[in-house]
Amino acid sequence: MPAPLDIAGFSVLLLLVLAVAAPLLRSVRTLQITLAFSLAAVASMAAVVAGGMTVADGSVASAAMTLGIPGLPFHLRLDPLAGFFLVVIGLMGFFVSIYSIGYVKGYGGQRSMTQMICFYTLFLAGMLLVVLADDAYFFLVAWELMAAASYFLVMYEDEKGENRRAAFLYLLIAHVGALAILLAFGVMAGQSGRPVFDGYTFDAMRTAQLTPGWAAAAFFLAFFGFAAKAGVIPLHVWLPEAHPVAPSNISALMSGVMLKTSIYGICRFAFDFIKIFPWWWGGIVLVLGLISAVMGVLYALMQHDLKRLLAYHSVENIGIILIGLGLSMIFAAFHLPTLAALALVAALYHTLNHAVFKGLLFMGAGAVLHATHERNMEEMGGLIHRMPWTAPLFLVGCVSISALPPFNGFVSEWLTFQAFLLSPSLPHPLLKLLIPLGAAMLALTGALAAACFVKVFGVVFLGQWRGHQKPERIHEVGPSMRAGMLLASISCLLLGIFPTWVIGWLDTIPEQLCGGRLAESAGKFGWMWLTPIAHGRASYSGPMVFIGILAVVAVTWLLLHAHATSSRRVPVWDCGFARLTPRMQYTASAFSMPIRRVLGFLFAVREQVEVVPHTNHPSLPGSLQYRLRIRDRFWNWLYVPQGDAAYWIARQVGRLQQGRIQIYLLYSFVTLIVLLVFLG
Amino acid sequence: MTHTIATQINSLLAALILLSAFALLAQRKIMGLVHIFAWQGLLLALSTAVIGYASGEHHLYISSLLTLGMKVILLPYILYKLVHKLKIHRDIEAVVNVPTTMLLGIILVVFSYHLTAPIRELSNLMTRSTLAVALATIMLGMLMMVTRRHAVTQILGFLAMENGLFFAATSATYGMPMVVELGVALDLLIAAFIFGIFFFHINTTFESLDVEQMAKLKETD
């Protein structure tokens with residue numbers, strides 16, 4: 001068996017070769033698509049194997065490549081933390097690659113597949129390299145590769161102005177973030193006490209002795225940069241713009257996996273580089289996580305564009321992951337290694353879970369888009385009859401993200417709750433206030449997410465078709481797309497039923513990062529029972545719950561179908577109306593109206609009702625027009641003033657430009673004289 | 001010839017160069033400007049030769065000859081041809097009127113002397129007193145570029161600045177290395193050709209060589 005690092009290297013190399021070789025096959029389109037995405041799936045699987053082995057062994061391997069600038073070799077390192085993210089990236093890369101074979105064929109002959117394949121493979125390779133990199137220089141190269149490749153993928157349908165605008169916004173925020181990360185590395189390297197160019201390796205940063213002030217500067221610069229990539233509120237504005245316009249397989253990867261590279265970065269900075277930090281760092285991470293979780297889900301509830309809604313849910317889930325990370329940092333700061341391990345495992349578990357179910361949901365949204373050519377939920381309905389595969393698979397994603405057992409979302413959110421409930425042992429009064437509030441907000445988030453996905457599933461798949469085109473034209477998607485979604489659904493279920501094994505596998509990461517272990521107490525009662533800290537406090541049995549739910553469903557089904565007469569099909573009772581039309585159904589906006597009324601102050605809501613009089617008599621109402629526009633308040637609060645300020649400054653500076661050559665000469669003359677006076 | 005006499009002659013030439021720089025500021029006719037520029041070049045060549053003789057740095061003779069060829073014969077000839085071809089004999093307009101320009105020039109000369117005073121204390125070259133004149137020539141050339149509206153005068157201002165730089169080089173360090181000087185001479189020649197091409201283009205586009213016209217190129221919002 002080759003070493004994990006070699007397997008990971010093979011994976012990256014295969015992806016890079018694919019990016020280069022894809023153009024050679026452009027004349028044989030079907031072969032090009034099938035071959036490229038199958039090989040990308042193979043490469044992803046290799047990454048899963050490499051990462052899985054590393055996490056299981058707790059081994060650390062590193063290498064240096066003499067590529068790039070002479071004297072500055074690229075360093076690679078594969079430790080359990082990197083291995084875990086390799087698994088996340090590889091697993092989703094595997095599912096999405098299989099799914100993509102069918103999905104990109106849906107573009108027909110209209111678009112260049114070479115472009116899609118090149119950037120897709122570069123994107124995957126970039127993400128793998130981000131977690132493998134072991135020096136600041138290589139990390140930033142990989143980071144930019146990832147950002148640039150995903151920018152071109154967001155821009156894939158570049159004839160629409162909306163797409164170009166979204167892609168630009170994404171690129172802008174990604175680069176502001178990258179700049180902050182660069183500065184953070186600069187601070188770390190500058191404080192490492194090594195000669196100029198030796199400080200750039202992560203090894204130097206691990207051993208750097210930072211003063212508290214510089215450590216805080218480095219961490220918060222990095223946190224800002226990673227938060228911009230992860231879409232933490234208020235840096236989230238690019239997410240709901242970029243994810244809907246990208247092709248759905250790309251949205252699945254961006255939302256499911258790319259955002260997670262920033263979680264990796266935050267873990268790396270906090271637990272690996274700086275290690276010793278005051279508790280309030282974790283407090284800030286926790287508070288931002290809470291805000292992102294609650295605001296993200298509230299904004300998601302207000303959306304009626306399916307992919308935009310999912311994008312806001314990514315903000316929410318990143319928030320939940322950050323809650324776990326923040327708690328872990330607080331526990332670590334108070335030297336409670338077991339609790340820190342619990343919270344860290346909760347965060348990492350949710351990272352993996354979110355990747356799987358959000359990938360599944362985006363793939364499902366892609367399947368719906370593929371079949372209906374429609375993103376607006378108000379124009380859908382009743383798809384369960386037309387798409388008998390997609391509907392239940394999408395439902396699995398919905399149940400998982402709503403944190404309901406027996407699927408995986410429940411386990412990680414439950415672990416996060418356990419971390420909250422064990423917090424009263426913390427010795428700080430402010431935390432005693434913050435923690436219950438945080439737990440309540442997390443509970444609220446879970447409930448709102450469930451409400452949101454009841455809306456999504458109900459409006460999209462149940463009821464009757466609302467759209468303009470004939471529903472008979474909608475067909476179930478092809479086998480490869482179904483396979484991708486099916487594999488992701490099975491993963492959701494397995495991750496939900498066997499958490500003890502997953503935690504046992506993950507155990508090396510908290511051991512290396514915060515010195516605590518969880519598997520021993522968590523798996524005390526075998527694979528059946530998950531007991532995070534102690535049996536007496538809390539326990540959960542995934543398999544039992546699953547079997548119980550199966551039993552209830554089976555009994556209900558049997559009772560319903562026991563006699564041929566026990567279920568009858570009759571016309572729908574129409575409440576006395578003569579004629580029921582699909583337009584009489586509950587709409588997505590209607591479903592979320594109560595929450596909009598209660599929490600409307602959080603959004604910029606503009607509601608207009610216009611009565612169009614009847615043609616026969618002006619006093620009779622003919623039809624009603626209802627317009628609803630909900631905008632993100634952060635856009636007007638934070639981004640518009642900045643944009644205006646930039647314009648204003650540019651205009652003032654523009655006054656220097658007189659257009660007269662003498663004035664320009666005068667500028668240099670005056671500069672010369674001033675310099676001579678002051679420096680001469 | 002002793003050092004003292006050489007120094008005296010050099011100082012005299014420096015004074016004449018400064019005078020020619022002021023003459024450039026005062027002259028209103030384009031042909032007159034070209035003539036004064038040629039005279040300035042001649043004075044520069046003489047001065048370089050004298051310094052070369054007195055200091056024993058014999059490569060300065062080559063510099064001197066190069067200056068003579070370039071700045072006294074070739075460049076004035078090109079400009080002369082250009083002025084004839086483009087038929088621009090008339091008076092040139094100034095942004096700032098001539099007396100004010102002269103006053104500004106005097107202030108710049110005083111400023112240059114003030115600026116180079118510490119260098120005069122430190123240096124022991126026989127040419128040290130002329131450094132101020134060289135700096136003043138550079139500044140007067142620049143002043144000419146800022147205050148004149150005609151494209152040809154701007155070029156002459158630029159060339160006068162170059163003269164000043166050359167003079168500064170010889171007076172501060174007995175000239176630059178030969179390679180550098182050859183390079184500068186070549187640059188100057190090429191610059192002259194590019195200017196020539198640009199004059200034609202500006203003239204055909206705006207039917208004038210008044211650079212004020214180029215303000216029209218500015219984007220308005």
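At what angle do helix 3 (residues 80-105) of chain A and helix 10 (residues 248-274) of chain A pack? The first legend gives the answer; the model shown in every view is predicted.

**View 1. Packing of helix 3 against helix 10 in chain A.** The two helices pack at an angle of about 175°, and their axes lie 9 Å apart. Helix 3 of chain A is therefore roughly antiparallel to helix 10 of chain A, since angles over 145 degrees count as such. Helix 3 of chain A contributes residues including Leu81(A), Phe85(A), Val88(A), Ile89(A) and Met92(A) to the contact. From helix 10 of chain A come, among them, Ala252(A), Leu253(A), Gly256(A), Val257(A), Lys260(A) and Arg268(A). By class, the residues of this contact are 13 nonpolar, 4 polar and 2 charged.

**View 2. Packing of helix 13 against helix 18 in chain A.** Helix 13 (residues 337-372) and helix 18 (residues 479-497) of chain A meet at an angle of about 150°, with 9 Å between their axes. That angle makes helix 13 of chain A roughly antiparallel to helix 18 of chain A. The crossing of these two helices is left-handed. On helix 13 of chain A the contact residues include Leu352(A), Val356(A), Phe357(A), Leu360(A) and Met363(A). On helix 18 of chain A they include Met481(A), Met485(A), Ala488(A), Cys492(A) and Leu495(A). The contact consists of 11 nonpolar and 6 polar residues, with no charged ones.

**View 3. The largest nonpolar core.** This core has 231 residues, and those with the most contacts inside it are Leu128(A) and Val345(A). Helix 13 of chain A gives the most to the core, with 24 residues. Leaving out residues up to four places away in sequence, Leu128(A) touches Ala8(A), Ser11(A), Val12(A), Ala47(A), Leu86(A) and Ile89(A). A second, separate core has 54 residues, among them Ala14(B), Ile36(B), Leu79(B) and Leu209(B).

**View 4. Surroundings of Ile181(A).** Ile181(A) sits in helix 6 (residues 161-191) of chain A. Ile181(A) counts as buried because it has 24 C-beta neighbours inside 10 Å, where 20 or more are needed. Apart from neighbours within four places in sequence, Ile181(A) contacts Ala222(A), Gly225(A) and Phe226(A). Phe224(A), 43 residues from Ile181(A) along the chain, has its C-alpha atom 7.8 Å from that of Ile181(A).

View 5. Most peptide bonds are trans. Pro234(A) belongs to the loop between helix 8 (212-230) and helix 9 (239-245) of chain A. Pro406(A) is in the loop between helix 15 (390-401) and helix 16 (408-421) of chain A.

**View 6. Positive phi at His335(A) and His373(A).** Most residues other than glycine have a negative phi. His335(A) has a phi near 55° and lies in the loop between helix 12 (306-333) and helix 13 of chain A. His335(A) counts as exposed because it has 10 C-beta neighbours inside 10 Å. Phi of His373(A) is likewise near 55°. His373(A) is in the loop between helix 13 and helix 14 (383-386) of chain A. With 13 other C-beta atoms within 10 Å, His373(A) is partly exposed.

Terms used
Residues numbered from 1 in each chain as written. Chains lettered and ligands numbered in written order. Predicted model: local features only at pLDDT ≥ 70, side-chain atom pairs only at ≥ 80, totals over all residues. Axes fitted to C-alpha atoms, helices over the stretch in contact; angles between N-to-C directions. Helix = DSSP H or I, 4+ residues; strand = E, 2+ residues; numbered from the N terminus. Parallel < 35°, antiparallel > 145°, perpendicular 65-115°, else oblique. Left-handed = near helix turned anticlockwise from the far one by under 90°. Contact = placed C-beta atoms within 7 Å. Nonpolar A, V, L, I, M, F, W, Y, C, P; charged D, E, K, R; others polar. Core = buried A, V, L, I, M, F, W, Y, C linked by C-beta atoms within 7 Å. Buried ≥ 20, exposed ≤ 12 C-beta atoms within 10 Å, placed from the backbone.
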